[in-house]
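Colleague: I'd like to learn how to read a model like this one. Could you take me through it, one feature at a time?

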Amino acid sequence: MQTKAYAAAAAKAPLAPITIDRRDPGPKDVVIDILYCGVCHSDLHTARGEWPGILYPCVPGHEIIGRITAVGKDVANFKEGDVAAVGCMVDSCRTCDPCEHDLEQYCTGPHGFTGTYNGAAKGGLPNTFGGYSKQIVVDEHFVLHIRHSEEQLAAAAPLLCAGITTWSPLKHWNVGPGKKVGIVGIGGLGHMGVKLAHALGAHVVAFTTSESKKQAALDLGANEVVVSKNAGEMAAHAGSFDFILNTVAASHDLDAFTNLLKLDGTLTLVGVPEHPHPSPSVFPLIFGRRSIAGSVIGGIAETQEMLDFCAERGITSDVEMIAMGDIENAYERLLKSDVKYRFVIDMATLN
Ligand code: NAP
Ligand code: ZN
Ligand code: ZN
């Protein structure tokens, strides 16, 4: 079947309309009419060829919410008419140890997990195509239930990447009451990190390079805000954090943050900049037994847990709706940290 989409034809080409093929739905597949798709900085890194191994044409988009229009005969958990969501993965080997433990994002099968875009596609198609499109076909194992209200659907879309990518490390490193937690970079991921760490009961400090986001970060749930360019403000927090989550999409000095950890504290990186960070110094790591770690998205069961947690508490993303045709302008604004705090494409505008 064919569907309308927006694609980059090459790394330096602006996104433009295209018609793509979707595989015919198999017995375990769900067909979704896409209503909304969030705009992640990973979409930009990928479309612009900032990461290795990007295949073109490239249809980005992995924060997908829509309505199911058809289900295969063996689909057990979804039915036609349901609101459903798809995040960053559409398949994995299902049999390796991480897959068997609901950690599909760390699949050790021959190809790792299949990305919603730029992954290996089934059914004779080239690479997988993401959510900047009218329809998608996905195995039900990788489809999520959405329990937010109809009015909240657009703002719930960013939970599928920004939400789970911050939730998973916050849970893994036991963020909760009594913990002092830093969130670095108040963009799409970072603003969800602040909301979720606050909802989990931690004392939250937001780190931003944008003076203009100070009040907004407090409104999102931060207890304190630090402008990270200000050495004096940074020094006031030296040696005090249990955990810091760094969502910054550009290369920068990590020592400024490792120095803020207390004994056995961890700085976890989720941002994936085009150019590497300067090599961190050993001194702040050994004096304090501190760690630098990484984390990628989250498993499917954990994503459902996060979505249900957010639906129960009315947590959504702060979004700015855009038309599909405005995507290039949205990317330019992302590069200037000028987004409060996630662009979401209204897919009704793709015609
Ligand atoms: P975003 O909305 O563009 O937010 C990034 C924020 O980083 C900006 O808003 C800005 O916040 C800060 N920042 C930007 N340039 C900076 C610089 N030069 N120095 C310091 N801070 C800077 O991006 P996003 O969608 O949240 O994604 C963030 C990163 O995470 C991207 O690299 C993305 O590819 C990656 N990602 C990783 C995963 C994973 O599974 N690990 C999943 C999704 C995304 P302030 O204005 O507050 O400083
Ligand atoms: Zn993403
Ligand atoms: Zn696997």
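Colleague: In which hand does α4 pass α5 in their crossing?

Modeller: Before that, some ground rules: this is a predicted model, where local features need pLDDT of at least 70, side-chain atom pairs count only at pLDDT 80 or more, and totals for chains, interfaces and linings use all residues. Residues are numbered from 1 along each chain as its sequence is written, chains are lettered from A and ligands numbered from 1 in the order in which they are written, and side-chain values use heavy atoms, with hydrogens and water left out.

Modeller: Now the general idea: a crossing is left-handed if the near helix is turned anticlockwise from the far one by less than a right angle, and right-handed if clockwise. Here α4 passes α5 in a right-handed crossing. Helices (H or I, at least four residues) and strands (E, at least two) are DSSP runs, numbered from the N terminus.

Colleague: At what angle do the axes of α4 and α5 cross?

Modeller: Axes are lines fitted to C-alpha atoms, for helices over the stretch in contact, and angles run from 0 to 180 degrees between N-to-C directions. The axes of α4 (residues 162–172) and α5 cross at roughly 50 degrees and come within 8 Å. Angles under 35 degrees count as roughly parallel, over 145 as roughly antiparallel, 65 to 115 as roughly perpendicular and the rest as oblique. The two helices, α4 and α5, are therefore oblique to each other.

Colleague: Turning to the ligand, which residues are closest to ligand 1?

Modeller: A residue counts as near if one of its heavy atoms lies within 4 Å. Ligand 1 is surrounded by 29 residues, and the closest are His41, Thr208, Thr209, Ser210 and Arg342.

Colleague: Which elements give two or more residues to the shell around ligand 1?

Modeller: Those are α1 (41–47) and α5 (188–199). The largest share, three residues, comes from α1.

Colleague: And which peptide bonds deserve a second look?

Modeller: Most residues other than glycine have a negative phi, and most peptide bonds are trans. The bond from Tyr56 to Pro57 is cis, with omega near 0 degrees, and Pro57 lies in the loop between α1 and β4 (64–71). Another cis bond joins Lys340 and Tyr341, with omega about -10 degrees.
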